[in-house]
Structure formats: C-alpha cells, structure tokens
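I am opening a notebook on a structure that is new to me, and I want to write down what I looked up and in what order. The entries go from the whole chain to single residues.

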Amino acid sequence: NNAESLVYQTEKQLSDLGDKVPADLKASIEPKLQALREKMKEPDADVELLKSISKDLQDELMKIGQAAYANTGGNSEAAPPPGADAGTAPGAAPGAAPGGTKKPGDFIDVD
C-alpha cells in the first residue's frame, strides 16, 4: 500500500511540475518508478526489496521538490502566508498598528 501511494505521488509530482523537473533527475527517477511498479505486480514480492526500492524512489522524490523550489527562486517573500495580514509588518503582532506598535487596549490572553 505504501508503494502504491509512493508511485502515485511520484507520477503526480512529475505531471504537475512538468518542465520544472530537470531532465537528469527525471531520467534517474523513471527506472526506479518502473522497477517499483514491476515489483508491486509480483504476487510474492520480496518485502525488503520493495522497501529498498521505495526508499530510493522517495529520496528522488524529495529531490524533485528541492528542484522545483530552487526553480521558483526559493522566494518565500513572494506572498504572505495564508491568514497573514498583508498590512502588518513582518514580525509585528497581528492587529498591531503599522510600524509594529500596539494600539492601546491590545492584549493577548495567555490562559
């Protein structure tokens, strides 16, 4: 079941990211993906071999994510995180006045 999930995740990542995945990385993933698919079809597949192939493929899958992140420039400042107040200065408390100072009556209940 974990192997099936990994195959699905890998195929989805390759499909979703398309050209953002470097060709050499894609070339190293394809044989591992195919090997895992073939082993999953075997009725009495060696569990340890499945785990080994899955780990190798999972390592490659992480490289896809890193490559995609690198291709975006790694710019985490591009958009505020979900739920962030676009008018609040970075590091300022939510609800704080622009400039990061609290308004009178602002407090946080710690209980």
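**Entry 1: ground rules**

I noted first that this is a predicted model, in which local features need pLDDT of at least 70, side-chain atom pairs count only at pLDDT 80 or more, and totals for chains, interfaces and linings use all residues. Residues are numbered from 1 along each chain as its sequence is written, and side-chain values use heavy atoms, with hydrogens and water left out.

**Entry 2: the chain as a whole**

I looked up the elements and found three helices and zero strands, running α-α-α from the N terminus on. Helices (H or I, at least four residues) and strands (E, at least two) are DSSP runs, numbered from the N terminus.

I then asked what share of the 111 residues in the chain is buried. Buried residues make up 23%, where buried means under 20% relative accessible area, exposed over 50%, and partly exposed in between (1.4 Å probe, protein chains only). The accessible surface of the chain comes to about 8,100 Å², and 54% of that belongs to carbon and sulfur atoms; such areas come from the Shrake-Rupley method with a 1.4 Å probe, and for residues only the protein chains shown count as cover.

For contacts, meaning heavy atoms within 4.5 Å, I recorded that among those in the chain with a separation of 6 or more, 59% join residues 24 or more positions apart.

**Entry 3: the nonpolar core**

A nonpolar core is a set of buried Ala, Val, Leu, Ile, Met, Phe, Trp, Tyr and Cys residues joined through side-chain atoms within 4.5 Å. The largest one here has 18 residues, of which L14, V21, L25, I29, L36, L57 and I64 touch the most other members. Each of α1 (2-17), α2 (23-41) and α3 (47-71) supplies at least two residues of this core, and the largest share, seven residues, comes from α3.

**Entry 4: helix α2 and L36**

The 19 residues of α2 should span 27 Å, and its end C-alpha atoms are 27 Å apart, which agrees. Its buried residues are L25, I29, L33 and L36, and what covers them includes α1 and α3.

Which residues does L36 contact, leaving aside its neighbours within four places in sequence? I found A3, L6, V7, L50, I53, S54 and L57.

α3 has 25 residues and reaches 36 Å from its first C-alpha to its last, close to the 36 Å expected at 1.5 Å a residue. I listed its buried residues as L50, I53, S54, L57, E60, L61, I64, A67 and A68, and they pack against α1 and α2.

L50 counts as buried at 18% relative accessibility. Apart from neighbours within four places in sequence, L50 is in contact with L36, K39, M40 and A45; L50 and L36 are 14 residues apart in sequence and 6.9 Å apart in space, C-alpha to C-alpha.

Is S54 buried or exposed? S54 is buried, because its relative accessible area is 13%, and, not counting residues up to four places away in sequence, S54 touches A3, L6 and L36.

E60 has 7% relative accessibility and therefore counts as buried. Beyond its neighbours within four places in sequence, E60 is in contact with L25, S28, I29 and K32.

The C-alpha atoms of K63 and I29 are separated by 9.9 Å, although the two residues are 34 residues apart along the chain.

**Entry 5: the second largest pocket**

About 170 Å³ of space lies in the second largest pocket. Its lining consists of N1, N2, A3, L6, V47, L50, K51, S54 and Q58. α1 and α3 each supply at least two residues of this lining, and α3 gives the most, with five residues.On a 1 Å grid over the protein atoms alone, a pocket is an open set of points with protein on both sides within 12 Å along at least five of seven lines, whereas a cavity is a set where a 1.4 Å probe fits but cannot get out; lining residues have an atom within 4 Å of a point. Grid points are joined across faces, edges and corners, and a volume is the space filled by probe spheres set on the points.

Notes:
The expected span of a helix is 1.5 Å times one less than its number of residues.
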